Amino acid sequence: MPTHLTDRFAEALQVAADFHSNGDESAPPHTSHLLQVAGLVLEAGGDEDQAIAALFHDVLEGASSEDEAEARQSRIREAFGDGPADIVIACTDARVDGE
């Protein structure tokens with residue numbers, strides 16, 4: 001049965017795209033890559049939390065400092081919950097949880 005995506009997924013896509021824009025409107029859009037990764041998760045039977053985590057899969061690694069990575073992690077957790085945040089943290093190469 002296909003996963004039903006809510007407005008929460010659309011909001012996550014916008015936040016993830018904003019994280020990657022760095023305010024540079026001339027930079028190539030990263031949104032298509034984010035959608036491709038989320039699409040792979042959904043095609044494999046993933047749920048909305050997993051698809052949202054896919055949208056943020058490299059957001060922590062893209063931070064310019066540990067403080068920025070921690071702020072991004074907090075924003076993801078506050079806006080989208082523990083499920084997506086925990087997946088992103090577990091699957092990132094950047095360690096921002098003090099380990």
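## Conventions and overall fold

Helix axes are lines fitted to C-alpha atoms over the stretch in contact, and the angles between them run from 0 to 180 degrees between N-to-C directions. Two packed helices are described by the angle between their axes and the distance between the axes. This is a predicted model, in which local features need pLDDT of at least 70 and side-chain atom pairs count only at pLDDT 80 or more, while totals for chains, interfaces and linings use all residues. Residues are numbered from 1 along each chain as its sequence is written, and side-chain values use heavy atoms, with hydrogens and water left out.

The protein has 5 helices and 0 strands; helices (H or I, at least four residues) and strands (E, at least two) are DSSP runs, numbered from the N terminus. Along the sequence, the pattern reads α-α-α-α-α. Of the 99 residues, 33% are buried, where buried means under 20% relative accessible area, exposed means over 50%, and partly exposed lies in between (1.4 Å probe, protein chains only). Contact means heavy atoms within 4.5 Å. Among contacts between residues at least 6 apart in sequence, 63% join residues at least 24 apart.

## Helix 1 against helix 3

Helix 1 and helix 3 pack with their axes 9 Å apart, at an angle of about 10°. The two helices are therefore roughly parallel to each other; angles under 35 degrees count as roughly parallel, over 145 as roughly antiparallel, 65 to 115 as roughly perpendicular, and the rest as oblique.

On the helix 1 side, Arg8, Phe9, Ala12, Leu13 and Ala16 meet Glu48, Asp49, Ala51, Ile52 and Leu55 of helix 3. By class, the residues of this contact divide into 7 nonpolar, no polar and 3 charged. In this classification Ala, Val, Leu, Ile, Met, Phe, Trp, Tyr, Cys and Pro are nonpolar, Asp, Glu, Lys and Arg are charged, and the others, Gly among them, are polar.

## Helix 2 against helix 3

Helix 2 (residues 31–43) and helix 3 (residues 48–55) have axes that come within 8 Å and cross at roughly 155°. Helix 2 and helix 3 are therefore roughly antiparallel. Their crossing is right-handed: a crossing is right-handed if the near helix is turned clockwise from the far one by less than a right angle, and left-handed if anticlockwise.

Helix 2 contributes Leu34, Leu35, Val37, Ala38, Val41 and Leu42 to the contact, and helix 3 contributes Gln50, Ala51, Ala54 and Leu55. These residues comprise 9 nonpolar, 1 polar and no charged.

## Helix 4 against helix 5

The axes of helix 4 (residues 66–80) and helix 5 (residues 82–91) come within 7 Å and cross at roughly 150°. Helix 4 is therefore roughly antiparallel to helix 5. The contact involves Gln73, Ile76, Arg77 and Phe80 of helix 4, together with Asp82, Pro84, Ala85, Asp86 and Ile89 of helix 5. This contact has 5 nonpolar, 1 polar and 3 charged residues.

Proline 84 belongs to helix 5 and is buried, with a relative accessible area of 0%. Apart from neighbours within four places in sequence, proline 84 is in contact with Arg8, Asp49, Ile52 and Ala53. The C-alpha atoms of proline 84 and glutamine 73, 11 residues apart along the chain, are separated by 10.0 Å.

## The nonpolar core

A nonpolar core is a set of buried Ala, Val, Leu, Ile, Met, Phe, Trp, Tyr and Cys residues joined through side-chain atoms within 4.5 Å. The largest such core holds 22 residues, of which Leu55 and Phe56 touch the most other members. Helix 1 (7–21), helix 2, helix 3, helix 4 and helix 5 are the elements that give two or more residues to this core, and the largest share, 6 residues, comes from helix 1.

Not counting residues up to four places away in sequence, leucine 55 touches Phe9, Ala12, Leu13, Ala16, Leu34, Leu35 and Ala38.

## Partly exposed positions

Alanine 10 lies in helix 1 and is partly exposed at 48% relative accessibility. Its C-alpha atom is 9.1 Å from that of isoleucine 52, 42 residues apart along the chain. Serine 21, also found in helix 1, is partly exposed, with a relative accessible area of 26%.

Glutamate 70 is located in helix 4 and is partly exposed, with a relative accessible area of 32%. A C-alpha separation of 7.9 Å is found between glutamate 70 and leucine 60, 10 residues apart along the chain.
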